[in-house]
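Hi,

Here is the structure I said I would pass on. Please open it first, then read my notes below.

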Amino acid sequence: MEIEKLIFYGFAAILLLSATMVITVRNPVRAALFLILSFFTSAGIWLILEAEFLALTLVLVYVGAVMVLFLFVVMMLDIDLAPLKEGFTKYLPLGILVAALITIEMIAVLGAAHFGLDLVVAPIPHPDGYSNTKEIGLLLYTVYVYPFEIASVILTVAIIAAITLTLRHKKSKFQDVSQQVKVRREDRVRLVKMDAVKRVSDTQQEAEL
């Protein structure tokens, strides 16, 4: 049990450090790499809580797909870091104030008064045939079926809205096969008749002058 506590506090310390670096580092690529480290440490904590399915989903979906796509977009955009560095000290007091308020709120909600060791018991080890994937599926499709469906509809609407916003000012180009088949030579080729002109040599021009 003591080893589990040491592992938990180690993962928690790395998670806090990496999350702090995500919001303080100025390079977006490094921030994304620190966010990947945060996801890995969160997955480790979920493994300690015997939530293997959630841990693997976090690593495969967020680290393996979302963050790789984010890094690809950041590198393709070639973001200029000079504007990001400007005004950092200007907004530093406001950022510290907001961070302090968020910290106080999190301590008030997630403090020892509500989630202390005497109030929250340690997870009971499950038998060999236990499947947390099955338990999550039962909860999603029985107790939380309506919130789950509403969340899926909201995400679908958000995807459609994002695609609509990107295509709002663009005119899509398409090919009309029937018009391409009906094309004639007269519509594409124009013959221009010109009188033949004999080139005068340089010596003849000098003689005429």
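The chain exposes about 18300 Å². Carbon and sulfur atoms supply 69% of that area. Keep in mind that this is a predicted model. Of the 209 residues in the chain, 11% count as buried.

Next, the fold. The chain has eleven helices and zero strands. Read along the sequence, the pattern is α-α-α-α-α-α-α-α-α-α-α. I also looked at contacts between residues at least 6 apart in sequence: 61% of them join residues at least 24 apart.

Now the aromatic rings. A pair of such rings is described by the distance of the centres and the angle of the planes. The count in this chain comes to three aromatic pairs. Among them is the pair of phenylalanine 8 and tyrosine 9, with 5.5 Å centre to centre and 65 degrees between the planes. The pair counts as edge-to-face because its planes are over 60 degrees apart. Phenylalanine 8 is partly exposed, at a relative accessible area of 35%. Tyrosine 9 is exposed, at 52%.

Another of the pairs is phenylalanine 39 with tyrosine 62. This one is tilted: 5.4 Å centre to centre, with 50 degrees between the planes. The two residues are 23 apart, and their pair links distant parts of the chain. Phenylalanine 39 sits in helix α2 (residues 28-48), and tyrosine 62 in helix α3 (residues 52-77). Is phenylalanine 39 buried or exposed? Its relative accessibility is 16%, under the 20% cut-off, so phenylalanine 39 counts as buried. Tyrosine 62 is partly exposed, at 41% relative accessibility.

Best wishes

Notes: Residues numbered from 1 in each chain as written. Predicted model: local features only at pLDDT ≥ 70, side-chain atom pairs only at ≥ 80, totals over all residues. Heavy atoms only, no water. Helix = DSSP H or I, 4+ residues; strand = E, 2+ residues; numbered from the N terminus. Buried < 20%, exposed > 50% of the residue type's maximum accessible area, 1.4 Å probe, protein only. Contact = heavy atoms within 4.5 Å. Areas by Shrake-Rupley, 256 points an atom, 1.4 Å probe, with all protein chains shown as cover. Phe/Tyr/Trp six-rings, centres within 6.5 Å; stacked < 30°, edge-to-face > 60°.
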